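Welcome! Take a look at it below, and then we will walk through it together.

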Amino acid sequence: MAVAWKQTAAEYKALYHQAYNMARLQVDLALAYHRPGDKPLAIITDIDDTIILPINYWGYLINNNKDFFDDAIWDKWIPQYKMVASPGALEFFQYCKEKGVEVFYVSNRDQGPNTYEYAMTQLNKLNFPYIDNSHLTVNRETSNKEIRQNEIAQKYNVISYLGDNLNDFRRVYYVKDVDERTKLMEQDKDLYGSKFILMPNPTDGHWIRAIFGDSEPPATDQNRAIWKKAAARSAWEQK
Ligand SMILES: [Mg+2]
């Protein structure tokens, strides 16, 4: 259902427009309050499932009867450059460029020594602005984005962070417990839609790590049983 939704639902696409419309509003507000001498303005964004979508990869998995994320296929698929831009993404980042708001791309990817080149080529193919060594960071060794985000925040006034995973906003969310993760998010509820702009992703991310203890659990019957238990976490018991 999650993949069919990504493939077909106008609601899925509309959520990206909603997110980028919110982000644009934040940019306009920041520009209105920006004074000479203030730190320059910037947006920090995640890449996969935030500004570009791997829909075609998921279709391949379905056609090959895969019911879990498959890292080996993912690593082969990435250098095929089949990603598409998220609805509204290019327009938003182009708007940032026109207004002098710099965009920093911070991603976690690991396809070996060519990881950085693959990411840069994909973003250039889709004509995203600011694709250069100072604006594109790819962490291969860690999923912790805060080191790079903090470096950027020292020099820039970061208007908003864009992502499809709570970890794209704050590392403190990187916990393995479902309830704790939710509790931490609730503590920041006022920041969603302004400082933190969240995109939809029902197929992958650290929410899966909170269920399995692993973001990419292997496709085993034991894990299928864990999926089922997660899906029935709250379930009516008819008397
Ligand atoms: Mg992502």
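Let's begin inside the sheet, where Leu41 stands opposite Asn157 in strand 6. Leu41 belongs to strand 1 (residues 41–45), and strand 1 pairs with strand 6 (residues 157–163) in the parallel sense over five bridges; two strands count as paired if DSSP finds at least two bridges between them. Please keep in mind that this is a predicted model, in which local features need pLDDT of at least 70, side-chain atom pairs count only at pLDDT 80 or more, and totals for chains, interfaces and linings use all residues. Residues are numbered from 1 along each chain as its sequence is written.

**Strand 1 and its other neighbour**
- Strand 1 also pairs with strand 4, in the parallel sense and over four bridges.
- In that pairing, Ala42 stands opposite Glu102 in strand 4.
- Strand 1 is mostly covered, as four of its five residues are buried (buried: 20 or more other C-beta atoms within 10 Å of a residue's own; exposed: 12 or fewer; partly exposed: in between; C-beta atoms are placed from the backbone).

**From strand 4 to strand 5**
- Strand 4 (residues 102–108) and strand 5 (residues 136–139) pair in the parallel sense, with four bridges.
- Tyr105 has Leu136 in strand 5 as its bridge partner.
- Together with helix 6 (residues 115–125), strands 4 and 5 make a right-handed β-α-β unit (right-handed: with the strands pointing away from the viewer, the path from the first strand over the helix to the second runs clockwise).

**The whole chain**
- The protein chain has ten helices and seven strands (DSSP runs numbered from the N terminus: helices are H or I with at least four residues, strands are E with at least two).
- Its radius of gyration is 18 Å, close to the 18 Å that the globule rule gives for 239 residues, so the chain is as compact as a globular protein of that length (the radius is taken over C-alpha atoms, and the rule is 2.2 Å times the number of residues to the power 0.38).
- Of the 239 residues, 25% count as buried.

**A stop at Ser215**
- Ser215 sits in the loop between helix 9 (206–212) and helix 10 (221–231).
- Ser215 is partly exposed, because 18 other C-beta atoms lie within 10 Å.
- Leaving aside residues up to four places away in sequence, Ser215 touches His206, Ile208 and Arg209 (contact: C-beta atoms, placed from the backbone, within 7 Å).

How values were computed: Two residues are in contact if their C-beta atoms, placed from the backbone, lie within 7 Å.
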